Amino acid sequence: MPKIVSIKHSEFVLIGGGIMTATLAILLFEKFPGKKITIIEKLPTMAQESSEAWNNAGTGHSGNCELNYTPEKKGNIDISKAISISDQFEETYRFWKDCAQKGYIKNLSKCISEVPHLSFVRGKKDVSFLEKRYNKMKEEPNFKGMLFSKDKEQIKEWLPLMMEGRSAKEKVAATYYEKGYDVNFGEIAEQIFRFLRDQNNVELLNNSNVYNIQNTKNGRWLISVKGQNVGKHFKFASNYLYIGAGGGTLPLLEKANIKEAKGYGGFPISGLWLRCTNPEIIERHHAKAYGKAGKGAPPMSVPHMDTRLINGRKELLFGPFAGFTTKFLKHGSMFDLPRSVEFDNIMSLLGAGYQNLPLVSYLIKQVRLSFKDRMNELREFYPEADNDDWKVVVAGQRVQIIKRNKKGFGKLEFGTEIIVSKDKSIAALLGASPGASTSYAVMKEVFDKSFKG
Ligand SMILES: Cc1cc2nc3c(=O)[nH]c(=O)nc-3n(C[C@H](O)[C@H](O)[C@H](O)COP(=O)(O)OP(=O)(O)OC[C@H]3O[C@@H](n4cnc5c(N)ncnc54)[C@H](O)[C@@H]3O)c2cc1C
């Protein structure tokens with residue numbers, strides 16, 4: 001048993017230093033002026049896991065280019081999810097602008113850049129799908145200004161690299177949405193934390209790993225922390241606890257042992273990018289161009305060739321390639337998955353594996369891809385890609401939710417799940433999609449469920 005040296009008190013304790021926690025911290029800071037907020041992050045600096053720029057694609061998901069948000073069912077294209085994600089992104093973007101006005105974000109232009117969003121498809125079937133999708137979307141105010149083309153010369157203007165070297169016989173189509181965004185979510189979180197660090201009632205603790213959570217007899221939460229550098233143990237007592245530890249949320253939620261979290265499991269899916277190293281090539285692509293996901297691929301593995309603007313530098317990524325590891329965080333442990341298996345979620349985990357065999361087979365194939373195979377996938381997008389211009393880099397880690405169904409078996413979910421206890425003293429966020437683009441909408445929901453009604 002570690003030796004506990006002290007117990008500190010804080011009204012609100014938030015675990016994890018990513019964009020979601022930064023957003024909730026601002027909501028608490030504004031609604032409960034002067035009340036103490038403590039933010040605990042295990043790494044030496046904030047926003048180094050999923051929110052860090054290279055660990056995600058930085059797409060401001062607003063529903064216009066992601067084909068997985070507009071599924072075709074019996075010949076009818078359902079655009080309702082694209083509309084709702086677009087609304088949530090708009091709400092989040094307004095929040096960031098508001099933060100900039102209030103001085104919480106000092107330099108918003110370092111965080112957000114305009115990059116056109118495109119969908120790009122090949123072959124008769126997908127061209128016809130995209131045209132039908134466009135005809136439906138163009139009627140919606142959210143997607144006003146979206147353009148569609150089957151004309152190769154027009155598409156070449158939008159996506160020069162992707163059209164060069166393509167067979168003249170190949171049927172292609174694209175939609176183009178000029179006012180799309182590339183977002184550095186890590187930079188937004190860091191700037192917000194920089195502001196919070198200077199406030200008297202806010203305490204930011206880095207190098208501090210939460211390893212246990214217990215409910216006290218008087219309904220408070222006792223949070224056990226180990227200082228990573230000094231090895232010192234201490235505890236926090238708080239009235240409200242938010243677990244925003246990204247992939248690290250599930251194991252902490254299991255420690256909290258609340259009824260609302262029973263039966264949940266997690267399935268880690270890692271990511272890899274191909275990163276372009278040739279500045280001339282990077283300069284010739286200015287778009288976030290999304291294609292169609294392969295058979296059995298999870299929704300977040302939709303391939304895209306993506307302009308990024310990170311710390312003032314233009315970059316180019318292709319991917320993500322999915323993979324499997326047993327780690328729940330990029331800086332996590334290989335024992336994360338086995339340690340998360342408990343009596344009340346083992347059936348969920350087994351059921352999810354059985355019911356998602358196409359996904360399992362897809363992941364096995366992805367893990368076995370060589371650099372050459374990955375380059376061949378890139379050439380489906382950019383036919384003249386040269387191996388010498390690209391290298392593989394590791395993206396962030398996602399933990400997809402496994403949720404128990406009525407029969408007691410698990411189902412893999414690709415969305416986000418908000419867990420709030422009945423007495424509203426603890427909340428947690430599981431899953432990672434559509435992600436940071438909707439951070440305000442998601443955290444506002446956490447706030448409302450925790451403090452309203
Ligand atoms: C490959 C990939 C691509 C993505 N692309 C996009 C995209 O294009 N657009 C988009 O909107 N979203 C995207 N996302 C999702 C987005 O990155 C996440 O939704 C978002 O960053 C989650 O933020 P967070 O604050 O919940 O978690 P994180 O940023 O992961 O923060 C969690 C923090 O908790 C800390 N922590 C963990 N355990 C403990 C502990 N025990 N004690 C203390 N601290 C702990 C971690 O160190 C970390 O800093 C992508 C994600 C991935 C992996």
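Predicted model: local features only at pLDDT ≥ 70, side-chain atom pairs only at ≥ 80, totals over all residues.
1. In total, 37 residues surround the ligand. Glu41, Ser51, Thr59, Val210 and Ser437 are the closest of them.

2. Which elements supply residues to this shell? Helix 1 (19-31), strand 11 (208-215) and strand 18 (390-404) each supply at least two. Strand 18 gives the most, with four residues.

3. Two of them come from side chains: a polar side-chain atom of asparagine 209 lies 3.1 Å from a nitrogen atom of the ligand, and a polar side-chain atom of histidine 61 lies 3.3 Å from a ligand nitrogen. In the case of lysine 42, a backbone N or O atom is involved, at 3.2 Å from a nitrogen atom of the ligand. As for cover, the ligand on its own has 1,000 Å² of accessible area, and the protein covers 96% of this.

4. Over seven bridges, strand 11 pairs with strand 12 (residues 221-227). Is the sense of this pairing parallel or antiparallel? The two strands run in the antiparallel sense. Within strand 12, serine 224 is the residue that stands opposite asparagine 212.

5. The hairpin of strand 11 and strand 12 has five residues between the strands. In this hairpin, glycine 219 adopts a positive phi near 80 degrees.

Definitions and conventions:
Residues numbered from 1 in each chain as written. Heavy atoms only, no water. Near = heavy atom within 4 Å. Polar contact = N/O pair within 3.5 Å; in protein donor to acceptor, adjacent residues only side chain to side chain. Areas by Shrake-Rupley, 256 points an atom, 1.4 Å probe, with all protein chains shown as cover. Pairing = 2+ DSSP bridges.
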